[in-house]
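Thank you all for making time this morning.

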Amino acid sequence: MMSRRTDPRDPTLRLVTELLSAVPHGKRRFSLAVLLASMASGASVALLGLAAWLISRAAEMPPVLFLQSAAVGVRFFGISRGVFRYVERLVGHDVALRMQSALRIRVYDKLAATTLIGRRRGDLLTRVVADVSAIQDLVVRVIIPALAASLVIVGTTAMLARFAPAAALVLLVTAVLAGVVLPLLAQRASRAADLAALPTRGALADGVRELSRTTGDLVAYGAQDRVLVDLLAIDDTLRRQEARAAWVRGIATAAQVVAAGVAVVAALAIGGPAVVSGDLHPRLLAVIVLTPLALHEVFGAFAAAAQTWTRSRAALARIADVLDADPVGTGDVTSSEDPAPGLEFDGVSVGWPGSVVIQQGLDFRVDPGERVALVGPSGVGKTTVAATAMGLIPPLAGTLRRANRVGYLAQDAHIFTTTVAENVRIGNRDATDEQVAAALHGAGLHLSPDRCIGEAGTTLSGGERRRLALARVLADERELLILDEPTEHLDTATARALMHDVWRAGEGRAVLVITHDPELVAQCDRVVRLS
Amino acid sequence: MAGPIDPRLLKRAGATGQYLVASVVVGLLTAVLLIVQAGLLARGISHVFLEHSLPDNWAVLLGGLAAVFAGRALLSWLNETIAHRSAASVKSTLRRDILTARLSRPRDSATSSASMVTMVTSGLDALDGYFSKYLPQLGLAATVPFLVGGAILLTDWQSAIIVAFTLPLIPVFMALIGWTTQTATAKSFTVADRLANHFADLIEGLPTLQAFARARAQRRGVALGEEQYRDATMRVLYVSFLSALALELLASLSVAVVAVTVGFRLVYGDVGLEAALFVLVLAPEAFLPVRQVGVHFHDSADGVAAADAAFRFIDGARATSGTSPVPSDLRIRFEDVTYTYPGTDSPALDGVDLTIEPGEVLAIRGTSGGGKSTALAMLMGFLQPDTGRVSVGGQDLAALDEREWREHLAWVAQEPGMINGTVAHNVLLGHPGASSVDVAAALRDAGADFDGEKFVGDDGEGLSSGERRRVALARALLRIRFGGARLLVLDEPTAGLDSSTEAAAVHAVRASGVGAVIVTHRSAVMAAADRVVELGATA
């Protein structure tokens, strides 16, 4: 269904660079954030380094005047670290939020342009929402700190290399080790453990979902203990698998401390004899020994960053797949080029573009004032027929004519978090207050148009949601109504009351009902059976 | 809102307390090593600086320093490992308690299965961060500053005063900032939260927007919402980063002040070089754990929130069942029973009186929302009356051993739950010991035209709702035939299901002398009943 265009570059990095260009002054904002972050980390390294120099110089008991500039420097770095960090966080979050906005709009555009009705989409839409936010984590917690740390490592090493090249080299090696190699290795190793735990986590989630959906049956039949024991066994397995991942992370943290130790001990072991031999000014010994202590502190959070890196890459790769997929169908319902009074299928084959034919040679018509039921076993593609009837996807063969204005009442119609009136206006943007009130009345819904839905617990019952969706359909003139399982999951009385109002609203229009409710089928003029 | 450690975690997840003790011990050992490390560094550097020669024990000094780092590495590994073990143990405890709580409330639909899954899996994972990042730092913050501060005090009391003066300022300032910005933060947070959901709302509503040709047009709404969201979020961040700013400022400024003061006193010979270096190396270590607590504060918030959600769910669990044996007389009476669902205004059952004679087939009809399913749930022991009582053979149902009571009942829900496996697995739930012949017979009698080998996927996938209903009916028949159940409890199926087979099944059940309570609208089913009562029509 989704084809990926070939691009040699890593999809995540490609996405990041594209988004940076999409944000106004994106590259400038981003560079500023990296610069500020490196200045913040640099300040803490410089603070300890310069303080070490100040104390060494002071020990030579020079006139106090000679210490003034160093003292000002130490105080400056002491203040600037916090200030740089504060500004960096704001700039970094701002650019990350802008990138997220750009990505969200892209994803929205892409999904809006591809037909989603009738498509097997699983949890695509919920997942996309969560996946998109990975860009923020990636920018704020991985890319900016990593680039900033690289700058600080290079800067610090370059400074130290001027007095003690050997110690600087050791520092560079241990810094790369502690800042890059170890976090990535640990990530890879713990990822292997995490991957092994993945099926277990899946099994646990499935078990909990099953338990939650069947609680009544399990308890009624006294099976709760057995199920609980099974689930706790899965939990136990998961616990052992997660322990392995934690062990790896523990080793990595320990190795980072060792790397810092190597840098400090090496600096002392190299610097001490160098001072004795006169190759190093004694004043600088404290500088080269204490600087690594401060530098290595910068890497503490990098194990977490490596984890975020893998996680957000996976999320963004999924997003890249969505963005690269070719659009299917028209997305929005379009107007008919050759309008008919109702709906006419003439030898129509139905299926998703580029995929197999689901239904072949469909011949039926729905005239104004007629109710036609479309029935068939589940999985036979009834909603795909609806999508074709609405012109969302072209018929694969045959000719199809339909009325211009189609109303679609879906069992899973989304109710937006806004007022009742705004929800009705989804069906007709220009509806007046009177039209909204009339639509609500027609749908048998006695709610105030100004009531907000979804906030502070003001939720609607299943029947009310279905009626609100009906009001949307009634908010505008429609010649053809397509009802997709209108009574599914409603209790009998609610379903009957709803259908009473639906039939009244559909009087004089062509109505196609997709259903497997025998009671509904019995109320229709004709039945089209799919096999 | 909540403190750094949820007292319920301590009380009910024993691993938490042990872990806190362990992390304080690790913290103390770490502090000792840091002091030794600073001492060795100061000794080495100052000797070389002052004497221009290596000290006699140079190799020992370097080796000691290496050993200190190795010890610190070991401690950090240990900390991580025990943190994980505690988190895992607490998670397992909470998982078990959450699932048990869910099973004690079969009727509770307030928590959807999706949020149950989230709560039990990724929700509890927030405790990982809490245990592995936040609590260890809290342990270090509670120990390291005191030991390190003490070491500085013994070496150079003037520097110790600076540290002792600034260190307590950090929590004070953070609390002050948190307190003064609380209202502003809460307000903008609510706005940001609402706007954050805007995008999710539109994405999830895309199919609906497409049906009304509004998806493309709504792009402007997305762009506008994004702008507002960013503004609102940045307003939250301006304020919420302030406390981190105060923390970093105080910590690094006081290190700077210590360094400069020591430097100038060094010039006048008030303090020695070794002591000065010792203080310089140690001063940042006194602040580090406190700073880290601030850094990982959101892990704390997430963890406490996860634990809070878990405890709220667990504490909603019902008290345990009664213990009395089920009487032999199975006459069931509802006596002036009233029940109101939590969060609703009007009662679902209002003063209901109802008698179900043993062996009788009783049909219950009534308007939608008239409390029919609620009455059945009460009969199953899933719900307890707010007032009035339900009795069995004169005994209060609440006093009976609920498992034993349910063995007398064969229940078919409105939309029956299916477990993963085969149809036979699902039927066998009725009586796990039944043979495949018995299962096939039960399926046949329930009107099923498919066999027990048919696969049933997640949430009954692979079966239509009518087929699921028949499987559940077969399950109930099996329980009546082999499990000794004396009452068939049939809740009304949702719209769209054919219930003529049910009438046949009810006839079959009645023939065997077992009673039935049936909620229904169908005349065929009502005709099969001895008596029809109406619920909810009059209060």
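Let me begin with residues 236-260 of chain B, whose end C-alpha atoms lie 36 Å apart and which are 96% helix and 0% strand, where helices (H or I, at least four residues) and strands (E, at least two) are DSSP runs, numbered from the N terminus. This is a predicted model, in which local features need pLDDT of at least 70 and side-chain atom pairs count only at pLDDT 80 or more, while totals for chains, interfaces and linings use all residues. Residues are numbered from 1 along each chain as its sequence is written, and chains are lettered from A and ligands numbered from 1 in the order in which they are written.

The span I started with is one of those that an unreviewed UniProt entry annotates as "transmembrane region" in chain B, the others being 20-45, 57-75, 134-154 and 160-179; such annotations may be inferred rather than shown by experiment, and their positions are given in the numbering used here, with feature names shortened. For residues 160-179 of chain B, the end C-alpha atoms are 29 Å apart, and the span is 90% helix and 0% strand.

Turning to the division of chain B, we have domain 1 (1-156 + 296-318), domain 2 (158-270) and domain 3 (332-535), with bounds that come from an automatic or database domain assignment. Taken over C-alpha atoms, the centres of domain 1 and domain 2 of chain B are separated by 24 Å. Their contact takes 5 residues from domain 1 of chain B and 6 residues from domain 2 of chain B, two residues being in contact if their C-beta atoms, placed from the backbone, lie within 7 Å.

Leaving out residues up to four places away in sequence, Y229(B) touches A192(B), L195(B), A196(B) and H198(B), and its C-alpha atom is 6.4 Å from that of A196(B), although the two are 33 residues apart along the chain.

S324(B), by contrast, is in the loop between α11 (297-315) and β1 (332-339) of chain B, and with 16 C-beta neighbours inside 10 Å it counts as partly exposed. With the same exclusion of residues up to four places away, S324(B) touches Q395(B), A399(B), L400(B) and D401(B).

Now to chain A, which averages a pLDDT of 88, with 96% of the residues scoring at least 70; pLDDT is the predictor's confidence in each residue, from 0 to 100. Helix α2 (residues 26-59) of chain A has 34 residues, of which 26 are buried, so the helix is largely enclosed by the rest of the structure.

Finally, how many residues does each chain give to the contact between them? Chain B gives 112 residues and chain A gives 119, and on the chain B side the largest share, 22 residues, comes from helix α3 (residues 58-103) of chain B.

Notes:
Expected span 1.5 Å × (residues − 1). Buried ≥ 20, exposed ≤ 12 C-beta atoms within 10 Å, placed from the backbone.
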